[in-house]
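Please consult the sequence and the model while reading.

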Amino acid sequence: YVSSEKFTNEMINSLRYDKMTSFRDKFRNVDVLLVDDIQFLAQKERTQEEFFHTFNALHESMKQIVIASDRPPKELAEIEDRLRSRFEWGLIADIQPPDLETKVAILQKKSEQEKVTLPTDVALYIASNIRSNVRELEGALIRLVAHSSLIGADITLPYAQQVLKNFIDSQARKVTIESIQKAVAEQFGLRLTEIKAKNNSRAIVYPRQIAMYLAKHLTEASLPEIGRQFGGKHHTTVLHSVDKIDHARQSDKDLNRLVNKLTEQLGG
């Protein structure tokens, strides 16, 4: 296992100290190579060149290569075409954030491993309030278990709420309509003023609909308030946008992935 950053750093050091032969031997003579955050190879031409040859060597030797990224290969715009095409040779799995039931199951499995009794209501409380990732989910459980072990207290819902209050509060970041507009504008390469304007070109309308959808689901703003924040749009226009994105997500995997990515990015 290696992150793309570590792969890059090791390659740089190998070049510096004239140890490229040992570097290549290390990565080309394994049965399985797992590389995380491959998107960080963007614009690193020399590293991409080396990884290209590493990939080919492993593939020709019938070895296994597992690559993780925050987006599908076709969206890795700053990765060389020849690498992106190779990334699409194998099975592509879209791994979405776990739903509530899965998070509860993860917590219960972890508590079993720790030989700790975790009431269902406590598992539900943690799973409902930790929305970022599994690492944070397990971190909350470890904190709770350590605290209860230290003082010899039983794990109950009130106890968990008390112990994890600061931890959960730090996870909860208030999402505003403006923060959503900024995130969506950045994602689509637009200016903030364009998202808010009355421009009805396709290049603006689609990102604006996604922003309205997120505003409806991640804030407590009413439809008229959301409309006012988007150039004075009528609340029926907002509702149409929300329904359209909601419906499209069911069949458009790329859109669904994008909405999940923005939701996680915003802390919603």
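The model is predicted: local features need pLDDT of at least 70, side-chain atom pairs count only at pLDDT 80 or more, and totals for chains, interfaces and linings use all residues. Residues are numbered from 1 along each chain as its sequence is written, and side-chain values use heavy atoms, with hydrogens and water left out.

Helices are DSSP runs (H or I, at least four residues), numbered from the N terminus. Helix 10 comprises twelve residues, 177–188. From first C-alpha to last it reaches 17 Å, close to the expected 16 Å, the expectation being 1.5 Å times one less than the number of residues. Its buried residues (under 20% relative accessible area, 1.4 Å probe, protein chains only; exposed is over 50%, partly exposed in between) are I177, I180, Q181, A183, V184 and A185. Helix 12 (202–218) and helix 15 (253–266) are among the elements that cover them. G189 follows helix 10 and has a positive phi, near 70 degrees.

The structure holds 14 salt bridges, each a side-chain nitrogen of Lys or Arg within 4 Å of a carboxyl oxygen of Asp or Glu. Three of them are tabulated.

| Pair | N to O distance |
|---|---|
| K26 and E10 | 2.9 Å |
| R257 and D94 | 3.4 Å |
| E194 and R191 | 3.7 Å |

R257 lies in helix 15 and D94 in the loop between helix 4 (81–87) and helix 5 (100–113), so this pair ties together parts 163 residues apart in sequence. R257 is buried at 17%, whereas D94 is partly exposed at 34%. E194 is partly exposed at 23%, and R191 is exposed at 55%.

Methods
Helices (H or I, at least four residues) and strands (E, at least two) are DSSP runs, numbered from the N terminus. Contact means heavy atoms within 4.5 Å.
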